Amino acid sequence: SLLEALSSHLASGMENLRLNALEKEAAVSQERHLLARELHDSIAQSLAFLKIQVQLMRDAIKNGNEREIAKILEEIDAGVRESYSDVRELLLHFRTRTNAEDIEPALATTLQKFEHQSGIKTTLTMQGQGLPLAPDVQIQVLHIVQEALSNIRKHARASQAWLDVQQQPTWRFEVRDDGMGFNPDTDKFDETHVGLRIMTERAQRIGAHIEVLSTPSRGSSVILTLTPPSHPSTSNAARIDSLSNNPAANTV
């Protein structure tokens, strides 16, 4: 009986290790998928634009059109600066670490870097006292906030941005600006707003909800609402059952 009990515990431990390895592999695959999407939606598109401008520059030089050359040169310069900013933002995302600090100082640091980079004034407001966020949830929240700020820098033409955080009864993050705004119904999946799709994917990974509110000429708001955590034993059992019974879920 003792040997059977030991064998059962060992088998259970080995199965848990296998499932944990599968879960980590799935997380890495999902992160690589998001990385590929971000590279494609930002830097790759900028490089494609620059390639077109270089060809136009060759034609303008061949025709001796100095006015057109000057215009295209300005476009190339703007495209290079945009690509450089995209690379800096991606590096900021990759270097984000949440183990050493709480969410408030991490958000403050993110806003300071954004303000220094864009020149847009920022304000952080924290309300209430809530339970600390899990590290994996916190890092996704920071990525979503960074992506929302990136959209402000690229598209909003704003002079000020605000980050309002509500901790009770559930965590709620709102990034808003005083920029030009847009129509969420018609522009949401436009290639100039691909960041919204990336934010939605990140929110889905942590079971959160994203809402975009905007009115042309009256600014925009991106609202992230976290769902209350379920009972640990229930959520862990459901996740393990999903990984063991659905191998296809472990790949992206």
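Four salt bridges occur in the structure, a salt bridge being a side-chain nitrogen of Lys or Arg within 4 Å of a carboxyl oxygen of Asp or Glu. The model is predicted: local features need pLDDT of at least 70, side-chain atom pairs count only at pLDDT 80 or more, and totals for chains, interfaces and linings use all residues. Numbering starts from 1 along each chain as its sequence is written, and side-chain values use heavy atoms, with hydrogens and water left out.

One of the salt bridges joins D164 and R176, at 2.7 Å from N to O. This pair links distant parts of the chain, with D164 in strand β2 and R176 in strand β3, twelve residues apart. Helices (H or I, at least four residues) and strands (E, at least two) are DSSP runs, numbered from the N terminus. D164 counts as buried because its relative accessible area is 18%; R176, at 28%, is partly exposed. Buried means under 20% relative accessible area, exposed over 50%, and partly exposed in between (1.4 Å probe, protein chains only). The side chains of D164 and R176 also make a polar contact at 2.7 Å. Such a contact is a pair of N or O atoms within 3.5 Å; within protein, one must be able to donate a hydrogen and the other to accept it, and residues adjacent in sequence count only if both atoms are side-chain atoms. Leaving out residues up to four places away in sequence, D164 touches T125, R172, F173, E174 and R176. Contact means heavy atoms within 4.5 Å.

R172 and E174 form a salt bridge too, their closest N and O atoms lying 3.4 Å apart. R172 is partly exposed, with a relative accessible area of 26%. E174 is buried, at 13%.

A further salt bridge pairs D77 with R81, with 3.1 Å between the closest N and O atoms. Both residues sit in helix α2 (residues 66-95), four residues apart, about one turn of the helix. D77 is partly exposed at 41% relative accessibility, and R81 is partly exposed at 48%.

The chain contains seven helices and five strands. From the N terminus, the elements run α-α-α-β-α-β-β-α-α-β-β-α. Of its 252 residues, 35% count as buried. Among contacts between residues at least 6 apart in sequence, 70% join residues at least 24 apart.

The largest nonpolar core has 34 residues, and V141, I152, F173, L224 and L226 have the most contacts inside it. A nonpolar core is a set of buried Ala, Val, Leu, Ile, Met, Phe, Trp, Tyr and Cys residues joined through side-chain atoms within 4.5 Å. Elements that each supply at least two residues of this core include α4 (135-156), β2 (160-166) and β3 (172-177). The largest share, nine residues, comes from α4. Another core, of five residues, lies apart from it and includes L50, M57, A60 and I76.

L2 belongs to helix α1 (residues 2-63) and is exposed, with a relative accessible area of 64%.
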